[in-house]
Each structure stands twice: as C-alpha cells, then as structure tokens.
Amino acid sequence: MRIAFKTLLVLTSVFLVYMCYRSIMNPIEFDREKAVRDKAVIAKLIDIRKAQIAYKDAKGVYTDNFDTLLHFIKEDSVMMISKKGELTDEQLEKGLTEEIAVALTEENAAQYGIEDYYNFKENFRRDTSYVSVLVNLYGEGYNVDSLAYVPYLNNVKFEMETGDNKTKSGIVIPLFEARTPYKTYLEGMDRQEIINLTKQAIALGKYEGLKVGDKVNPNNNAGNWE
C-alpha cells in the first residue's frame, strides 16, 4: 500500500512539473510560430498592396476581385522611361523643357543656349519601353497565382474589399482593404492563445488579425503592423 502511494505521489509530482513546464513553454512556442506566420502573411499583404496601387494608377480605382487583379498583373504592361542627361539651369531659363529637348532640331537649338547640337542629342535621351506589370512589380519567376491565398493554409483567400471616402471639398478618395483574421491564418495553433489575441485586439478597438489599407478611413494603404 505504501509503495503504491509513493508511486502515485511521484507520478503526480511529475505531472505537476510537466504542467508547469507546458504553462511556460506554450506561450513561448505560440509566439515563435506566430512570428513566422506573421512574416509570411505581411509579405503577401505588401505584395497585394503593390498590385492594388498599380491597378489604381492604371484604372483610377481599386478592385475587390482577385481574378480581376491577377488578370491585370498578368496581361497589362506599364510604360518605362529611361533617362540620360539633365537640362541645365540656363537651358531651363531659356524655356527648354524635356518634351522640347526630345524633339529638338539643329535649327532651333541655339535659342536654348545649345552650341553643340549633336553632342547634346547624344547625351540627352528619353527612351520609352513597355514592361509587363508582373515583372515590373515582382521580377521574374514570381508565382502570382499564390497572391490571393493566405500562407500555411489550403486554398483560403485573403478577404478583400473596396470603398471610398468623400472629403469636405467633395473629392472622392478610392480605398481598399485586404485582411485575414488571427483565427484564420493561425489555424491549427493553440486555440486559447488565438482567443486571447482576438479578445485583446477587440478590446483595444483594433482589427483582430493582419490587414493592409482601410475600406472606410484613408490611411495611405498602411498595414496595421506598421
């Protein structure tokens, strides 16, 4: 009987030590894994922001549809201007602009203070070319088809919405927001820790996850981690 009691006491002690150890290690391991997932999700949100800004520059608005955004990235191109040479203060004072300089002829060069026309044309150039949006934004080899999907999950997309904000002067500012909540991108991790994070964010009036942009209030497309 005494041996059985001692054995039970030892097992209970071991169990209590283990529970103390887990109570210390669980939050540490959770934070470590969360940091890894945060980094991957933030990188993807930054890439979505790049695409949305490029889309707005081309179309004048943002889009709430990933298929539309991906089609734009894959199929559209942007104009690139390579520059060689700069205009001097004297040339600018005489009314020479870059547009005039590109079309400048030998006959009207002197009125802009250019004595050696051929040397000027050799050293002042503006060449226009077109490059795909995909390469311009992300470089070669980027897997753009993964842009919509939350890292570490199977076929779960980021939530994305658009909106607008009307200023007092009547100007309408297009807005967009892309996001994923803790409960989504931390799926499979400690459930109680996720609940605690969510409650804490809500109590502070913050979004309970990671997001970029805001569909209601202009914030220069900032991420809530910035």
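Leu-147 touches Lys-44, Asp-47, Ile-48, Ala-51, Phe-66, Leu-69, Leu-70, Ile-73, Tyr-138, Tyr-142 and Phe-158, leaving aside residues up to four places away in sequence; touching here means heavy atoms within 4.5 Å. The model is predicted, so to speak of local features takes pLDDT of at least 70, and side-chain atom pairs count only at pLDDT 80 or more, while totals for chains, interfaces and linings use all residues. Numbering runs from 1 along each chain as its sequence is written, and side-chain values use heavy atoms, with hydrogens and water left out.

Leu-147 also turns up in the largest nonpolar core, which has 35 residues, and is among those with the most contacts inside it, along with Leu-45, Ile-48, Leu-69, Ile-73 and Leu-186. Such a core is a set of buried Ala, Val, Leu, Ile, Met, Phe, Trp, Tyr and Cys residues joined through side-chain atoms within 4.5 Å; buried means under 20% relative accessible area, exposed over 50%, and partly exposed in between (1.4 Å probe, protein chains only). Elements giving two or more residues to this core include α2 (66-75) and β4 (172-181). Helices (H or I, at least four residues) and strands (E, at least two) are DSSP runs, numbered from the N terminus.

Now for α2: its buried residues are Phe-66, Leu-69, Leu-70, Phe-72 and Ile-73. Seen down the axis of α2, these fall within an arc of 160° (taken from the directions from the helix axis to the C-beta atoms), so they line one face of the helix. Exposed Asp-67, His-71 and Glu-75 sit on the face turned away from that buried side.
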